[in-house]
Amino acid sequence: MPHVLDLASRSFWQVTGRRVDLDGDQQWLDAPVSSSARVSTAWIEAEAARHGGTLGAPDPDAGLLPSMSVLDGPGFAAEHLHPLVRDFYEHTASWRMDVWSGWSPLFWPLGEVVARWWGRRVEQLALPMRPLDVAHGMDSDVTPVRDHDGVQVASAWTRTLRESGRTVFSGAYSARRLPGATRPSVHVAFPLESGNLQVFLRPSVTAGGGLLLESPRGGFGEDGAYVVVRGARAHAARVPLHETFHVHVDPHGVLRTDHELRVWGASALRLHYRLERAS
């Protein structure tokens, strides 16, 4: 039986969102969904089948993108990125992550409610609420999703807490161009039952070859976060969640990522990652 919270949230987005044609003008919002309330890894195999391909085992050298050059276009050139930044995105599974988290006191109660009653239950978007939750770091599996020609159309990235094994995120990563855009954005889709949460992140290169990914404020069809609900008709809504990722190499040669999640304009959560190549 569907959980009452899931039914209520889907009804809310259907009422407040707009009707979209995922096979037509809004195909840019077509993304994987989960067939069950608990988001297992079954969506990965289903996504490969949807593209006419097959799914192999997690690849210990797989990347979120086959090459950072798939993001090239006016205002962005992957050749200007630091080699370690490129290596992380092109060989993500070969990197280990240590994580620190810090919630804004204003948003912590809401985050705790969402994590306790929803994120941990469905095993998706289960944001760490306390610094000790991530004290032992995160493990990750990266599985390329290929079409019938063997071309990588996305990568499935599943992150789990190293100490408990609990799934924190499970998402599909790819490069996707928005309507009217001159170059691709990084597209991340988190499958949910009968829908998904999607984020389009605008890439740019910072000083020293760092990578800045942003989902700023904007209109429907621009970089940002979207909720999509599938049913007899599909509905989508842009949501006031904005993220910034700064992937950079510090003065000691260590690869780090600063991640900030904002609700409207207020900072809600900050995460810091220390990244180290496993081999």
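Partly exposed, as I use it here, means a relative accessible area between the 20% under which a residue is buried and the 50% over which it is exposed. The model is a predicted one.

I'll start with the salt bridges. A search of the whole structure turns up 13. In one of them Arg-230 pairs with Asp-30, with 2.4 Å between the closest N and O atoms. This pair connects distant parts of the chain, 200 residues apart: Arg-230 is in the loop between strands E9 and E10, and Asp-30 is in the loop between strand E1 and helix H2. Arg-230 has 30% relative accessibility, so it counts as partly exposed. Asp-30 has 14%, so it counts as buried. Salt bridges with shared partners join Asp-30, Glu-47, Arg-50 and Arg-230 into one network.

Next, Asp-87 and Arg-277. Their side chains form a salt bridge at 2.6 Å, N to O. Here too distant parts of the chain are linked, with Asp-87 in helix H3 and Arg-277 in strand E13, 190 residues apart. Asp-87 is buried because its relative accessibility is 18%, while Arg-277, at 28%, is partly exposed.

Now the second largest pocket. Its volume is about 200 Å³. It is lined by 15 residues, and the closest to its centre are Asp-30, Glu-47, His-51, Val-153 and Arg-176. Helix H2 and strands E4, E5 and E6 each supply at least two lining residues, and E5 gives the most, with four. By type, the lining divides into seven nonpolar, four polar and four charged residues.

So which residues join Asp-30 in one salt-bridge network? Glu-47, Arg-50 and Arg-230.

How values were computed
Residues numbered from 1 in each chain as written. Predicted model: local features only at pLDDT ≥ 70, side-chain atom pairs only at ≥ 80, totals over all residues. Heavy atoms only, no water. 1 Å grid on protein atoms, 1.4 Å probe; cavity = no way out; pocket = protein on both sides within 12 Å on 5 of 7 lines; lining within 4 Å. Points joined across faces, edges and corners; volume = space filled by probe spheres on them. Nonpolar A, V, L, I, M, F, W, Y, C, P; charged D, E, K, R; others polar. Salt bridge = Lys/Arg side-chain N within 4 Å of Asp/Glu carboxyl O. Buried < 20%, exposed > 50% of the residue type's maximum accessible area, 1.4 Å probe, protein only.
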